[in-house]
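Me: Please take a close look at one part of this model for me. I want a connected account of how that part is built and what lies against it.

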Amino acid sequence: MNNNKFEILLHDYFDNLLSPEQVKEFEEYLLDNIDMAIELGKLKTLRRRLNNLPSTFSPDPIVIEHIYNSLLEGKKEEQLTEVSDEVEEKVVEKSKGKKKKEKKEKRLKAKTKYRLKILFVVLFFILVIGVITRGYLYYSKKNKTTPWQVEMINVSDGNSIEKTVEVNSAVLTSENERALISIANIGKIELKGKSKILILEGTRSENKIIFSYGYLAFTPMPQNKAFLVKVKNLLLKSEQSKFKIVSTDKSYNINIETSFITILNNEHKFKIPLEHEFTLLNNNTISIPLNKKTSIRFSKLVKNYMLSGNEKTLESLIAAAGKTDVFSLHYLLYNVPPVYREKILVKLHKLFPALTESNKEKILFLDERELNFLWDELFSLSQFTR
Amino acid sequence: MEDSYIKLLIKSAQQGKKNAYRELCNINLKKIYTMAVRFLLNEKVAEKITEEIFIEAWENLKFLREDQSFDLWLRSIAIYRLLDELRTLRIRNELIDANEITDANDGVFSENKCENIILTLPEKERIIFILHEIEKYTYEEIASFMNETSLEEIKSIIINTRRVIISAEDYE
């Protein structure tokens, strides 16, 4: 009786039917009863074997066909063929292998269908997003109105007319005219004398113009991110920079008053900081940018070097450079042979001993990232020493 | 938890897509068929009943809730159908005064020793043992399937059957 009670307890323990207290009590009992512990081990072995019981019975593939046919016929029950006939058995046996293969293929088909469905849904969404984007772009392009307010002032009589302009239209001023253009969130443009600009893009976030000729002064607003001006084949990007462009018969002079502008041409991207000016040359390059506060000697040496390309002048120029001329030297890095790049680097370190020991080799090979890093450092150091 | 592929198949089948249900049958066929053979001890009858189970499930698929497991749902249909079939066979055998199917297994043989021992058990012990130890149903769930059997009886059968199998000479 006692044994029977413990056997029931053993099975309850094995089936997790005991309370935590009973489990504790029974486990203590097991410690003193080796036979019961062996029984528990046998039960565990049995369960393990049952859990790993292989499925040794396989239905005839024809079962699936019968189910499917019943579904197709809409019958609740379908008469199963009594497969007692030996001949039929043989036929079924022969077709077993083939049907197994078919079954596998059909299973694959369903999975492929599922994948195709997912793919179709993804493609559909991409298509919808594409259509919406294109529609938006088309609408934006079609919508030519700009947030530009133009005030045309007649200098001689002081009369003024206000007007709005559209994308792809030009703003022209004559000899005795002045145009004050206010662009929402971006800034202000002033045109003077005989000037012409063409608006390529004019929105509250992106503004791009072509400067043809004349006088243009741009003053940004604090929230302005970028203002783009195309002059010949060069693209000037102002990031919070106040600048002026004045064209003469032969050249375009660009004067940066605050922050810096970025010049993008096909080969490089240069940044020219505030208080510098440069000229756009005929071959779509720019002159060596000069600081307005540079010495007369340095200025003359730069002009001589630009005209002659003489290496002795270049050496004198590097030697004569002061702290105000570091960006002229930085610009020269792109345009001089490696031996002079090295000399420029030595000079820059002499002018700013606090300058980080940059990767000389990379600069000598005009690595864009390293040159930009050097520029940023020079910019912060020169701002600090102003 | 059923994977998203199975869920998609169920959803499609509920919308009347027979190919999706065919795929569900393919996935679950062997499992249901094996249970049918173990219950009925006759492969031909097991095939017929398996077909009927899947057809019954198809007809009732609309009642399968989203939060229900298809596997559990299908197995419960199968168990009720198989128990029903066993009852019918029992009555028929009583009428013809034979007891071939219920008490003796002369048609089904497994390559696995342990399974063979289970297949030779008397019907009630075999069914209760399969439901508990292989299909993992609790005593209460088994009692709900087999109305005429009490919880105590089920428990006692399980304990005795475990003892029988463990001590079976062939098993060790």
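Reply: Helices here are DSSP runs of H or I with at least four residues, numbered from the N terminus. With that rule, chain B reads α-α-α-α-α-α-α-α-α along its sequence. That comes to 9 helices and 0 strands. Bear in mind that this is a predicted model.

Start with chain B as a whole. It has 172 residues, and 53% of them count as buried. Take the contacts in chain B with a separation of 6 or more: 59% of these join residues 24 or more positions apart. Chain B exposes about 8,300 Å², with carbon and sulfur atoms supplying 51% of that area.

Now zoom in on B:Tyr21. This residue sits in helix α2 of chain B, residues 18–40. B:Tyr21 counts as buried because its relative accessibility is 0%, and the cut-off for buried is under 20%. What surrounds it? Leaving out residues up to four places away in sequence, B:Tyr21 touches B:Ala13, B:Phe54, B:Ala57, B:Trp58, B:Leu61 and B:Phe70, plus A:Leu71 from chain A. B:Lys11 lies 10 residues from B:Tyr21 in sequence; their C-alpha atoms are 9.5 Å apart.

Follow A:Leu71 across to chain A. A:Leu71 is one of the buried residues of α4(A), along with A:Val63, A:Ile64, A:His66, A:Ile67, A:Tyr68 and A:Ser70. The cover over these buried residues includes α2 and α3 (43–59) of chain B. Helix α4 of chain A runs over residues 62–73. Its 12 residues reach 16 Å from first C-alpha to last, close to the 16 Å expected at 1.5 Å a residue.

Step back to the whole interface. Here 45 residues of chain A contact 49 residues of chain B. Interface size is often given as the accessible area lost when the parts come together. Between chain A and chain B, about 4,500 Å² is buried, and carbon and sulfur atoms give 63% of it. A:Leu71 turns up again: with A:Phe57 and A:Tyr114, it supplies 17% of the area that chain A buries against chain B, more than any other three residues. Charges meet across the interface too. The rule finds 5 salt bridges between the two chains. B:Arg163 and A:Glu7 pair their side chains in a salt bridge, at 3.0 Å from N to O.

One last stop, on the surface of chain A. A:Phe120, A:Val121, A:Phe124, A:Phe125, A:Val128, A:Ile129 and A:Ile132 form a nonpolar patch there, with about 710 Å² of accessible area together. A:Val128 belongs to helix α5 of chain A, residues 86–142. Its relative accessibility is 32%, so A:Val128 counts as partly exposed.

Note on methods:
Residues numbered from 1 in each chain as written. Chains lettered and ligands numbered in written order. Predicted model: local features only at pLDDT ≥ 70, side-chain atom pairs only at ≥ 80, totals over all residues. Heavy atoms only, no water. Patch = residues over 30% accessible without salt bridge, like charges linked within 9 Å, V, L, I, M, F, W, Y side chains within 5 Å. Areas by Shrake-Rupley, 256 points an atom, 1.4 Å probe, with all protein chains shown as cover. Salt bridge = Lys/Arg side-chain N within 4 Å of Asp/Glu carboxyl O. Helix = DSSP H or I, 4+ residues; strand = E, 2+ residues; numbered from the N terminus. Buried < 20%, exposed > 50% of the residue type's maximum accessible area, 1.4 Å probe, protein only. Contact = heavy atoms within 4.5 Å. Expected span 1.5 Å × (residues − 1). Buried area = accessible area lost by both parts, 1.4 Å probe.
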